[in-house]
Protein chains: 2
Amino acid sequence: MILPALLTSAGFNIVICVGFFSLYSILRKQPVNLKVYFGQRLAQLKPEQKNYYFGQRLVPSAGWLVKAWEASDDDIYRCGGIDGLVFIKMIVFSIRIFSVASVLCIFIVLPVNLFGQAIQERDAEAQMDMFTIRNVQAGSKGLWAHFFALYVVSISAYILLYVEFKSVARLRLEQVIRFPTKPSHFTVLVRGIPWCPGEAYSETVSKHFGSYYESSYLAHQMVYRSGTIQRLMMDAEKMYNVLKETTIPEGESEGPSAGVVVEEAVEGATNAIQAITPEPETHHKNPHKKDGKEECAAAFVFFRTRYAAMVASKTIQSYDPMLWVIDFAPEPHDVYWANLCVPYRLLWIRKTLVFMGTVVFSVWFLLPTTLVQGLVNLDQLEDHFPFFRNLSETYANIVSGYLPSLVLTCFVLIVPPIMLMFATLEGTVSRSSRKKSACCKCIIFFFWNIFFYNLFTGTWWDRMGKLTVTGLKDMATLVGSLIPGQAPFFMTYIMTTGWASLAYELMQPFVLIINWIYQFVLLRKEGYGDLYTFPYHTEVPRALLFGLLGFTYCILSPLILPFLLVYYFFAYFVYRNQLLNVYITRYNTNGSYWPIAHNAAIFSLITMQAVASIIFGMKDFVTASTLAFVLIIFTALFNLYCRHKFLPLFN
Amino acid sequence: MILPALLTSAGFNIVICVGFFSLYSILRKQPVNLKVYFGQRLAQLKPEQKNYYFGQRLVPSAGWLVKAWEASDDDIYRCGGIDGLVFIKMIVFSIRIFSVASVLCIFIVLPVNLFGQAIQERDAEAQMDMFTIRNVQAGSKGLWAHFFALYVVSISAYILLYVEFKSVARLRLEQVIRFPTKPSHFTVLVRGIPWCPGEAYSETVSKHFGSYYESSYLAHQMVYRSGTIQRLMMDAEKMYNVLKETTIPEGESEGPSAGVVVEEAVEGATNAIQAITPEPETHHKNPHKKDGKEECAAAFVFFRTRYAAMVASKTIQSYDPMLWVIDFAPEPHDVYWANLCVPYRLLWIRKTLVFMGTVVFSVWFLLPTTLVQGLVNLDQLEDHFPFFRNLSETYANIVSGYLPSLVLTCFVLIVPPIMLMFATLEGTVSRSSRKKSACCKCIIFFFWNIFFYNLFTGTWWDRMGKLTVTGLKDMATLVGSLIPGQAPFFMTYIMTTGWASLAYELMQPFVLIINWIYQFVLLRKEGYGDLYTFPYHTEVPRALLFGLLGFTYCILSPLILPFLLVYYFFAYFVYRNQLLNVYITRYNTNGSYWPIAHNAAIFSLITMQAVASIIFGMKDFVTASTLAFVLIIFTALFNLYCRHKFLPLFN
């Protein structure tokens, strides 16, 4: 890629972003969009929208930026819970570490690169390479600058990671003091209740806990099957009964929605028995049915004391560990009802299938990534497919500068929903752990499929024709010499995916348009606007992926850092604004996203140090190469220390 | 290696083993060796030795074999605990599966190999290859025999593994019923007690548990520092006090041995305070000293109820998870006192260092393994070092047939003690977990350093000069074509290490000679004979390594199976005899060795299936190759199922 292509791309994106940000500041002032942009405030019953004059309403303003800036950590905590605060901490960590890196790399490393004179030809292709470590001659004293930057960035990262991990751990502990007794502390979720012929699950549960936990067992609540198919089947059964014996009244024909089942059952459990629709014989034949709803082999059991709940959840209840599986129950809002009925015996099969599905999906995804790399290396494509040559210069710039990242962005958009689907299929019982699991899957997917695969296909296109790798050393040389060459592609990627995604996040175009359709086409005055929880599984992986890019490239090609810092600064404002105004918090993981972010940061650090070690080795700078390798070991030790010191608090 | 070399080796070993076994049957009848061969019976106060006539005493007999055969599982359980029984189960599993394999492979696969006619040249070198799959022509219908054997062996292994895992899990559960209340159920081990200035650890502990576990806290017992150096330092301090102020009496000058410290302290804790030797000022200055013994930051805390002990051990006590670390205490005999005083903060560093040490040791060990492979491939060595050519034919047979395995055996002898040392340095607090950790380390070491490295150096010597591997396919071909060639080496290895180790185990030559020296040279009538616990860390890895060899080679080179079966049959008798008569059981892991054996068996199965898949592929038998690959997936699923079904019972 050449400089004009990069500038084209930057120009496009800056215009788009500024446009969207201004548009947002106008749209948020319109009363019709209240439900779209202030869901959180509406939920808290304090919509804060002022009455703007009509003229004021059409002028872009920066008021939301100021408000996002002024909000304190406590405000964020009130609106977004610990998880929201942790997410903001991730952004702040990135801003801090990449500010340090920017100062070092742009003022020390970049001049060394520019005046390196290793690249003699001055053609358009080499323009971008002038800014990278490629331009530094082998054995040059200038490499000490890179080495110095590497050490300073690494050590700053250690300090910041340690401080942040400690503060998140403290937040988690404060949570315990703030909410000393939550319902979930007294409740366990029992799965794999054994099936006794002629006995309802409910009886089995009360017998078991009544005899083994006599003094502390309070009550239990069965879980009832209530999927769409189940509802349809129930309706069909009722219809059949109606048709067979027309004397029986139809009763409630619409099954309750999943979330309401339990509350409803608690309220009306006793008096509902009289109103059973099916005949007594059916009831007698199948004791696992009650109220026409089928019991699952799962129940919530309530205890008098927290200790009893803990002891029950930590002891094995039966000779078969797949029966009477007891865990602490999730918080009421956190329960993922649809998965409670999954038989515990099938969970491991589901997990295995999901694992295999994820692998297949990742392999299938190599297709678009390869396509994208083909577009980046347009000149090589031109040699193979002559019709590309007819493109004019401007179009070529657009194609090679903007289109590849856009294609990748579109394909990447479908990844988080698919991963969330996989996480659902795994059978997690809580919404928060489902989102966390999807988040982890997305991170691995992004790191592998976007970062590494783009690196290697990039190098692969460059080496077209000379595919043989004759040894480990050749492999290292290959990797080391071509990683810096991918810097421009990742710069555009940060702009298209990073900046644009922030604009998209802020604008919420999808909800906005539906809202308009509701209000102006369907003429429903209340408008449309659902209450969403923050999409951690989309946003956390993206922020961490950019962190990986930043760490890897900060000393190789410092020009990437300004783009990254712009992203993180805007992310800071946008996400604070969204947490304060848009998203609601119905459940959270109590900061469990931080260990994930920590691991990703450690992985990024190790990648940075390994690449640096290889490149120092290639440039005949053996001392630095060895010392960079020592740094890898030190990073691993640091990670071990943090795991021992803080991780027990997160389990 | 050629057939005569193998036969030489077999001859040597048979003579040695028969000699040793007969010698043992004589030696065990001599009253002077009672302490060597009947430690277990002496400990149980029922020495069962009959009074033999002098003539009878000098005639070899098979009585011990009969007794070992007749002993029931209950006898083994009484003498060796669950672990002893589990170890015998491992041997029985091996006998069963390799009996099935023998019948199949020797009657179906071996004839196919012999009449395969892929190897045309009839020289000495090719003699052994006649018995392997190498002799089967590509695309031959005879490969269906191998395929059939592969499937039958795999499925039998699944069934047997499942049954055994289930029975071991049941044993563990029965243990719970048999011993409903053990002291360890009411006791927790507290480490990382925070240091409060001016306060003894003991006071800190009683304050903490007295306030947070008021109703259930019973008492606690501090752990005192009592290593050799500590004892010397204490003695020196006392001597110094004696010399400084001669008026003060010396008191008890010899520190108590580690095991006695606690009992002693419990008995005399109160009245000992009056008898403190150091002056009051010293006592005042350092509150962590008592009785001249320094307190460690570790204590045993006793509770009134099991639930309280459990709750304490499962909850986090402090904002810093490295303080107040609570685990269930090991059984009294199981405690490894020397490690209790290791500061908990240093444990992760120790573990990391031990990990690195193990890796370094494993790499260093490649030296003898390479040497051994040099001896096996003597003819290649002869080309490089001409003086080897002067060896006569017989010597050459001995060198290439017997010496390599002997060299390897000697080197391997030092591995278990070193691994035990590593496990000690790791800082485990119980003897049983120390031995288990050493056992795992040894298994990984054996599998990697003996099996895989011998395979690859073997192939490496064969390919001397053509080292370049040009791709994944070439690598597979290389591995697949040369693994069968290593069969003779492993056959000798089974004889020298396997058979000989059984003879060594039975004879206990080391203890025997020391006993004789005590009785006949030092003229001490009571003789010498310490009470040993069973060396699981030596014997389990060996039995599992032979299992790996058996699985890998059973369909490639079925001739290995008779050697293996002989080993396992004798192992059955020898180990039963040793468990019944020699070793005592002071602690055990409640069958935790079975999951290790299960994992090793799964690993062996997967190795067998992968090698078979590669070799079928090479022989142009694509259907079987694919189906063998399917079998790998099935093995992985089976393993997952077993882990979910049984493993929770082992934690």
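1. Let me start with how the two chains meet. In this predicted model, 100% of the interface residues of chain A are also interface residues in chain B, so the copies meet through the same surface. The contact draws on 25 residues from chain A and 25 residues from chain B. About 2,400 Å² is buried between the two chains, with carbon and sulfur atoms giving 78% of that area.

2. The symmetry is worth a look alongside this. Chain A superposes on chain B through a rotation of 180° with 0.1 Å of shift along the axis, at an RMSD of 0.1 Å. That is the relation of a two-fold axis. If you want a landmark in chain A, take A:V311: its C-alpha is the nearest to the axis, at 3.4 Å.

3. Which charged pairs cross between the chains? The rule finds 2 salt bridges across the interface of chain A and chain B. B:K645 and A:D320 meet through their side chains in a salt bridge, 3.3 Å from N to O. A:D320 also meets A:R345 in a salt bridge, here at 3.0 Å from N to O. A:R345 sits in helix α15 (residues 344-364) of chain A and A:D320 in the loop between α13 (306-314) and β5, so this pair ties together parts that are 25 residues apart in sequence. A:D320 is buried, with a relative accessible area of 7%, whereas A:R345 is partly exposed at 36%.

4. Over all chains, the search finds 18 salt bridges. One of them joins A:D327 and A:R191, 3.1 Å from N to O. This pair links distant parts of chain A: A:D327 is in strand β5 (residues 325-328) and A:R191 in strand β1 (residues 187-191), 136 residues apart. A:R191 counts as buried at 8% relative accessibility, while A:D327 is partly exposed at 32%.

5. Chain B has a salt bridge between B:R191 and B:D327, with 3.1 Å from N to O. B:R191 lies in strand β1 (residues 187-191) and B:D327 in strand β5 (residues 325-328) of chain B, 136 residues apart. B:R191 is buried, with a relative accessible area of 8%, and B:D327 counts as partly exposed at 32%. Elsewhere, salt bridges with shared partners join A:K89, A:R96 and A:E164 into one network.

6. Now for the rings: the count comes to 110 aromatic pairs over all chains. A:Y24 and A:Y37 form an edge-to-face pair, with 5.1 Å centre to centre and 90° between the planes. A:Y24 lies in helix α1 (residues 3-27) and A:Y37 in helix α2 (residues 34-37) of chain A, so the pair ties together parts 13 residues apart in sequence. Both A:Y24 and A:Y37 are buried.

7. B:W69 and B:Y572 have ring centres 6.3 Å apart and planes at 70°, so the pair is edge-to-face. B:W69 is in helix α5 (residues 63-70) and B:Y572 in helix α26 (residues 560-581) of chain B, 503 residues apart. B:W69 is exposed, with a relative accessible area of 56%, but B:Y572 is buried at 14%.

8. Finally, the fold and the confidence of chain A. Its secondary structure comes to 28 helices and 5 strands, and 53% of its 651 residues count as buried. Mean pLDDT is 81 for chain A, with 81% of its residues at 70 or more. Please keep an eye on residues 247-285 of chain A, where pLDDT stays under 50 and the model has 35 contacts beyond four places in sequence.

Definitions and conventions. Residues are numbered from 1 along each chain as its sequence is written. Chains are lettered from A and ligands numbered from 1 in the order in which they are written. This is a predicted model: local features need pLDDT of at least 70, side-chain atom pairs count only at pLDDT 80 or more; totals for chains, interfaces and linings use all residues. Side-chain values use heavy atoms; hydrogens and water are left out. Rings of Phe, Tyr and Trp (its six-membered ring) pair if their centres lie within 6.5 Å; planes under 30 degrees apart count as stacked, over 60 as edge-to-face and the rest as tilted. Helices (H or I, at least four residues) and strands (E, at least two) are DSSP runs, numbered from the N terminus. Buried means under 20% relative accessible area, exposed over 50%, partly exposed in between (1.4 Å probe, protein chains only). pLDDT is the predictor's confidence in each residue, from 0 to 100. Contact means heavy atoms within 4.5 Å. Copies are superposed by least squares on the C-alpha atoms of residues with pLDDT of at least 70 in both. Buried area is the accessible area (1.4 Å probe) that two parts lose on being put together, summed over both. A salt bridge is a side-chain nitrogen of Lys or Arg within 4 Å of a carboxyl oxygen of Asp or Glu.
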